[in-house]
Amino acid sequence: MPRYEYRCRTCGDTFELSRPMAESSAPANCPSGHDDTVKLLSTVAVGGTATTPRPTGGGGAGGGCCGGGCCG
């Protein structure tokens with residue numbers, strides 16, 4: 001279930017709630033009981049490395065264009 005971050009306008013606290021996406025914009029009370037809250041825009045960090053896909057050869061042993069050599 002996604003987690004959403006909210007900030008209370010009354011006390012300034014920031015808090016998170018786990019709720020279904022269909023309820024992401026529903027009102028949320030802060031843990032101190034205040035109801036004047038706003039949902040914050042969250043960013044998602046994705047880690048890993050990018051790789052360049054290698055073309056798969058069309059048969060033959062050499063790969064490249066025309067199945068093994070350049071068609072110059």
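Buried means under 20% relative accessible area, exposed means over 50%, and partly exposed falls in between (1.4 Å probe, protein chains only). This is a predicted model: local features need pLDDT of at least 70, side-chain atom pairs count only at pLDDT 80 or more, and totals for chains, interfaces and linings use all residues. Residues are numbered from 1 along each chain as its sequence is written, and side-chain values use heavy atoms, with hydrogens and water left out.

**View 1. Ser24 in its loop.** Ser24 has a relative accessibility of 14%, so this residue counts as buried. Ser24 sits in the loop between S2 and S3. Strands (E, at least two residues) and helices (H or I, at least four) are DSSP runs, numbered from the N terminus. Beyond its neighbours within four places in sequence, Ser24 contacts Tyr4, Tyr6, Arg19 and Lys39. Contact here means heavy atoms within 4.5 Å.

**View 2. The whole chain.** The chain has three strands and zero helices. Along the sequence, the pattern reads β-β-β. Of its 72 residues, 14% count as buried. Among contacts with a separation of 6 or more, 27% join residues 24 or more positions apart.

View 3. Arg19 lies in the loop between strand S2 (14-18) and strand S3 (37-39). A polar atom of the Arg19 side chain lies 3.5 Å from the backbone oxygen of Pro27. Not counting residues up to four places away in sequence, Arg19 touches Met1, Pro2, Tyr4, Tyr6, Ser24, Ala26, Pro27 and Ala28.

**View 4. The aromatic pair.** The structure holds one aromatic pair. The ring centres of Tyr6 and Phe15 are 5.7 Å apart and the planes meet at 20 degrees, so the pair is stacked. Rings of Phe, Tyr and Trp (its six-membered ring) pair if their centres lie within 6.5 Å; planes under 30 degrees apart count as stacked, over 60 as edge-to-face and the rest as tilted. Tyr6 and Phe15 are both buried. Leaving aside neighbours within four places in sequence, Phe15 has contacts that include Tyr4, Glu5, Asn29, Pro31 and Thr37.

**View 5. The largest nonpolar core.** Six residues form this core: Tyr4, Tyr6, Cys8, Phe15, Ala28 and Cys30. Strand S1 (residues 3-8) gives the most to the core, with three residues. A nonpolar core is a set of buried Ala, Val, Leu, Ile, Met, Phe, Trp, Tyr and Cys residues joined through side-chain atoms within 4.5 Å.

**View 6. The salt bridges.** The count comes to two salt bridges. Arg3 pairs with Glu16, with the closest N and O atoms 2.8 Å apart. This pair links distant parts of the chain: Arg3 in strand S1 and Glu16 in strand S2, 13 residues apart. Glu16 is partly exposed, at 45% relative accessibility. Asp36 and Arg9 form a salt bridge at 3.7 Å, N to O. Asp36 is in the loop between S2 and S3 and Arg9 in the loop between S1 and S2, so the pair ties together parts 27 residues apart in sequence. Asp36 is partly exposed, with a relative accessible area of 34%; Arg9 is exposed, at 56%.

Note on methods: A polar contact is a pair of N or O atoms within 3.5 Å; within protein, one must be able to donate a hydrogen and the other to accept it, and residues adjacent in sequence count only if both atoms are side-chain atoms. A salt bridge is a side-chain nitrogen of Lys or Arg within 4 Å of a carboxyl oxygen of Asp or Glu.
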